[in-house]
Amino acid sequence: MSGTVKGFSKLSKEAKIEWLANQHFKNPEKAIELLKSYWHEDAKVQKLHDDFIENTISNYYLPFGIAPNFLINGKMYTLPMAIEESSVVAAASKAASFWKSRGGFKTTVISTLKIGHVHFIYNGNADWLRGMVESNQSKFLEDCSDITANMRNRGGGIIELVLIDRSDAEPGYFQIQVKFETCDSMGANFINSCLEQIAKTLRGLISSEAPLAGENQDVQIVMCILSNYTPECIVRAEVSCPIEELEDGSGVSPSEFVEKFQRAVRIAQIERYRATTHNKGIFNGIDAVVIATGNDFRAVEAAGHTYASRNGRYQSLTDCAVKEGRFYFWIELPLALGTVGGLTSLHPLVKLAHEMLGNPNAEELMMIVAASGLAQNFGALRALVTTGIQKGHMKMHLFNILNQLEATDQERETMVRFFSDKVVAHNEVVRKFCELRGISYESFVGRNR
Ligand code: MEV
């Protein structure tokens with residue numbers, strides 16, 4: 001069948017590209033040329049990228065920006081941000097500068113535990129099973145001791161191991177729930193290796209002890225896997241200042257600003273349509289730093305959204321209050337991050353991002369990332385309740401269109417001036433651009449369709 005291929009992963013990179021180009025492109029040479037134009041000129045660096053995933057054929061660039069002026073717990077940081085969306089870095093920088101002169105971000109790590117489960121089916125006596133797991137705690141830990149040795153030397157390891165009966169939800173369904181301290185690593189491989197060993201120990205214990213106790217010795221291990229929901233790996237970031245210091249030149253008085261700001265947060269607490277967009281804006285800031293520092297943004301997002309639903313309703317991850325004339329704005333969320341292992345020691349730009357941050361440990365990185373999310377949300381809400389969000393977006397939107405049109409520097413200047421007090425609509429920009437070049441709009445659009 002056309003489009004299918006056998007043994008693709010065994011082909012060389014060149015052969016993979018050739019197959020792809022011939023299968024899927026009208027102009028295979030052009031496709032190959034484009035893919036190769038994104039290869040790194042240093043073959044060693046390219047090889048590094050090739051080996052991160054499977055079937056690599058090229059690199060996909062994201063802009064790598066920086067947001068300076070973050071004052072976090074009294075220390076200045078410049079945040080690395082990898083993100084494709086315009087205005088995010090600008091909003092982070094603006095919010096950081098605003099809060100720098102108002103005491104900065106105060107952050108605390110509340111806890112750092114991660115959780116994993118052995119999910120299994122046992123159709124037998126739950127009380128016997130519970131007793132057996134409890135009385136064999138040291139056996140479980142001992143059987144994992146080779147895997148945990150390094151982590152224990154660094155101050156981490158297995159913290160707790162308990163049996164959870166979920167047979168109310170599914171016949172015979174139990175879990176061994178294990179809590180881990182993984183220090184400065186995200187710890188996914190470590191956790192999963194421990195869980196697989198714990199499952200082996202469990203199977204062995206049931207088959208040796210159940211017959212002696214006259215209990216059922218059949219057990220089905222369904223799976224062993226960490227949970228990306230980490231409600232015990234939590235960080236909090238807060239900003240605050242006297243209400244009158246919220247004056248920012250937007251023309252809205254501080255008291256009106258605070259009132260509208262509180263309403264905006266309240267709406268994100270009671271209305272899930274708004275909560276989703278509100279939290280999306282928070283993750284604009286969080287993901288950008290998480291990606292730049294080589295961490296797993298899918299895991300961070302998944303945990304964040306589950307945490308946002310912890311009260312049975314999807315809600316804002318940020319909150320605010322006014323007490324005795326002072327405005328407080330904070331975020332609390334789970335962030336399972338690592339500063340050792342994974343990409344952190346492999347990707348040259350990730351290493352640079354860590355150095356830019358002063359090589360933080362995992363807890364410090366949690367605080368930096370939380371501050372980035374809070375800054376982003378402050379910037380978005382401030383724009384939304386004052387000037388509206390489009391004002392800031394328009395300039396970047398215009399730049400993107402002008403890039404597509406391959407405008408010269410002089411054309412850009414003229415266009416920016418012209419649109420400074422107008423709505424940036426794509427067709428209007430193209431129309432004005434054509435007028436500037438003295439070409440027909442209709443034929444330009446027809447040619448570029
Ligand atoms: C856009 O990426 C993010 C915002 O929509 C967030 C928000 O509305 O709070 C601006």
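This is a predicted model: local features need pLDDT of at least 70, side-chain atom pairs count only at pLDDT 80 or more; totals for chains, interfaces and linings use all residues.
The C-alpha trace spans about 90 × 70 × 40 Å along its principal axes. The protein has 449 residues, and 45% of them count as buried.

Four of its residues, Val-45, Gln-46, His-49 and Asp-50, are buried. Looking down the axis of helix 3, these buried residues fall within an arc of 145 degrees, so they line one face of the helix. The cover over them includes helix 1 (13–24) and helix 12 (348–356).

Two pairs of packed helices come next. Helix 9 (residues 254–270) packs against helix 13 (residues 362–385) at an angle of about 115 degrees, and their axes are 10 Å apart. The crossing of helix 9 and helix 13 is right-handed. On the side of helix 9, the contact is made by Phe-257, Lys-260, Phe-261, Ala-264 and Val-265; helix 13 contributes Phe-378, Leu-381, Arg-382 and Val-385.

In the other pair, helix 7 (residues 145–153) and helix 8 pack at an angle of about 145 degrees, with their axes 10 Å apart. The crossing of helix 7 and helix 8 is left-handed. Here Ile-147, Thr-148 and Met-151 of helix 7 meet Phe-190, Ser-193, Cys-194 and Gln-197 of helix 8.

Cys-194 leads on to the cysteines. A disulfide is a covalent bond between the sulfur atoms of two cysteines. The structure holds zero disulfides. For Cys-194, the nearest cysteine sulfur is that of Cys-144, at 4.8 Å. A disulfide requires the two sulfur atoms to be within 2.5 Å, and Cys-194 is in no disulfide. Cys-224 is in no disulfide either, and its nearest cysteine sulfur, again that of Cys-144, is 11 Å away. Buried means under 20% relative accessible area. Cys-194 counts as buried because its relative accessibility is 0%, and Cys-224 is also buried, with a relative accessible area of 16%.

Phi of Cys-183 is near 50 degrees, a positive value in a residue other than glycine. Cys-183 is found in the loop that runs between strand 5 (173–181) and helix 8 (188–213). Glu-406 is a further case: its phi is positive, at about 55 degrees, although Glu-406 is not a glycine. This residue sits in the loop between helix 14 (390–404) and helix 15 (409–419). Is Glu-406 buried or exposed? With a relative accessibility of 64%, Glu-406 counts as exposed, since exposed means over 50%.

Note on methods:
Residues are numbered from 1 along each chain as its sequence is written. Side-chain values use heavy atoms; hydrogens and water are left out. Buried means under 20% relative accessible area, exposed over 50%, partly exposed in between (1.4 Å probe, protein chains only). The arc is that of the directions from the helix axis to the C-beta atoms. Contact means heavy atoms within 4.5 Å. Axes are lines fitted to C-alpha atoms, for helices over the stretch in contact, and angles run from 0 to 180 degrees between N-to-C directions. A crossing is left-handed if the near helix is turned anticlockwise from the far one by less than a right angle, and right-handed if clockwise.
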